[in-house]
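Here is a brisk report on one protein chain. Keep the sequence and the 3D view open while reading.

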Amino acid sequence: MTDNDNYMVDGAGRRWFLKQSTALAGTLLLPPLATPSSALPGAVPAASSTARPITLRVNRKTYKLTAEPRETLLDLMRNRLNLTGSKKGCDHGQCGACTVHIDGRRAYSCLTLAVMQQGRDITTIEGLGTESALHPLQAAFIEHDGFQCGFCTPGQLMAGAALLREGHTGSADEIREWMSGNICRCGAYPGIVAAIQSVKKGGTPG
């Protein structure tokens with residue numbers, strides 16, 4: 001892992017990652033997860049002796065529900081909150097398709113435990129923009145053909161929006177370096193870089 005991998009870019013980020021990793025490893029000792037009972041946030045989850053009540057703030061909405069200690073933020077959002085924009089690709093933090101923002105910083109939601117995100121502001125692709133009011137980077141992706149099959153696009157957009165805020169846009173090479181944690185198997189990288197550059201030139205923040 002390098003200092004450029006997603007948002008583990010400083011000492012605090014490394015400590016956050018180690019804390020998450022330790023907690024994730026500890027959950028391997030728990031019994032298997034119960035199958036989600038519903039995709040709706042208001043539904044009663046399946047009974048479990050290890051589930052605990054949590055409160056999450058996602059896309060400026062508050063959700064009160066129960067979660068298993070080992071349940072990842074990605075699985076909870078997709079299976080329980082019906083927020084399926086964040087994609088489940090490798091499920092090992094290697095492709096970036098599940099990238100979200102946590103307190104404004106990008107994170108792989110497949111490596112993030114839901115129970116550890118209470119009190120944080122989580123933003124998914126559903127909260128980045130709307131069909132009638134696209135985020136500037138979403139509009140730029142359309143203009144510069146920044147996607148093909150579209151599977152990686154939500155993660156690319158979330159990473160790119162964070163990148164613009166972080167200011168790592170000095171050159172095409174810098175953009176490619178700081179976007180290297182997000183893989184596009186279609187090879188739409190030139191369009192992705194061009195889209196990010198166009199938003200930067202327009203002076204619109206991520």
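## Helix H5 over the sheet

Helix H5 lies across E3, E4 and strand E5 (121-123). Its direction makes an angle of about 40 degrees with E3. The model is a predicted one.

## The five-stranded sheet

The sheet is open and has 5 strands. Their order is E2-E1-E5-E3-E4, and the pairing is mixed. Strand E2 (61-67) and strand E4 (105-108) stand at the edges. Each has a single partner strand, so one side of each is left without a neighbour in the sheet. On average, neighbouring strands are turned by 40 degrees against each other, direction ignored.

Strand E1 (residues 52-58) pairs with E2 in the antiparallel sense, over 7 bridges. Here Arg 57 stands opposite Thr 62 in E2. The two strands form a hairpin, with 2 residues between them. Asn 59 in the turn has a positive phi of about 50 degrees. E1 also pairs with E5, this time in the parallel sense and over 2 bridges. Ile 102 stands opposite Arg 105 in E4.

## Salt bridges

How many salt bridges does the count come to? The count is 7. Side chains of opposite charge can pair when their charged atoms come close.

Arg 57 stands opposite Asp 121 in E5, and their side chains meet in a salt bridge (3.0 Å, N to O). This pair links distant parts of the chain, with Asp 121 in strand E5 and Arg 57 in strand E1, 64 residues apart. Asp 121 is partly exposed, at 41% relative accessibility. Arg 57 is partly exposed too, with a relative accessible area of 35%.

A second pair joins Arg 106 and Glu 166, with the closest N and O atoms 2.7 Å apart. Arg 106 lies in strand E4 and Glu 166 in helix H5, so the pair ties together parts that are 60 residues apart in sequence. Is Arg 106 buried or exposed? Arg 106 is buried, because its relative accessible area is 0% and buried means under 20%. Glu 166, at 34% relative accessibility, counts as partly exposed. Elsewhere, salt bridges that share partners join Asp 75, Lys 88 and Asp 91 into one network. Asp 91 is partly exposed, at 31%. Lys 88 is partly exposed, at 36%.

## Gln 156 in H5

Gln 156 lies in helix H5. Gln 156 is buried, with a relative accessible area of 2%. A polar atom of the Gln 156 side chain lies 3.4 Å from the backbone oxygen of Asn 182. Beyond four places in sequence, Gln 156 touches Phe 141, Met 179, Asn 182, Ile 183, Cys 184 and Ile 192.

## Helix H7 and its packing

Helix H7 (residues 189-201) has 13 residues. From first C-alpha to last, H7 reaches 18 Å, close to the 18 Å expected at 1.5 Å a residue. Which residues of H7 are buried? They are Gly 191, Ile 192, Val 193, Ala 195, Ile 196 and Val 199. These buried residues pack against helix H4 (136-143), helix H5 (153-166) and helix H6 (172-178). Ile 192 is also one of the residues that Gln 156 touches. Just after H7, Gly 203 takes a positive phi of about 75 degrees.

Notes:
Residues numbered from 1 in each chain as written. Predicted model: local features only at pLDDT ≥ 70, side-chain atom pairs only at ≥ 80, totals over all residues. Heavy atoms only, no water. Helix = DSSP H or I, 4+ residues; strand = E, 2+ residues; numbered from the N terminus. Expected span 1.5 Å × (residues − 1). Buried < 20%, exposed > 50% of the residue type's maximum accessible area, 1.4 Å probe, protein only. Contact = heavy atoms within 4.5 Å. Polar contact = N/O pair within 3.5 Å; in protein donor to acceptor, adjacent residues only side chain to side chain. Pairing = 2+ DSSP bridges. Axes fitted to C-alpha atoms, helices over the stretch in contact; angles between N-to-C directions. Salt bridge = Lys/Arg side-chain N within 4 Å of Asp/Glu carboxyl O.
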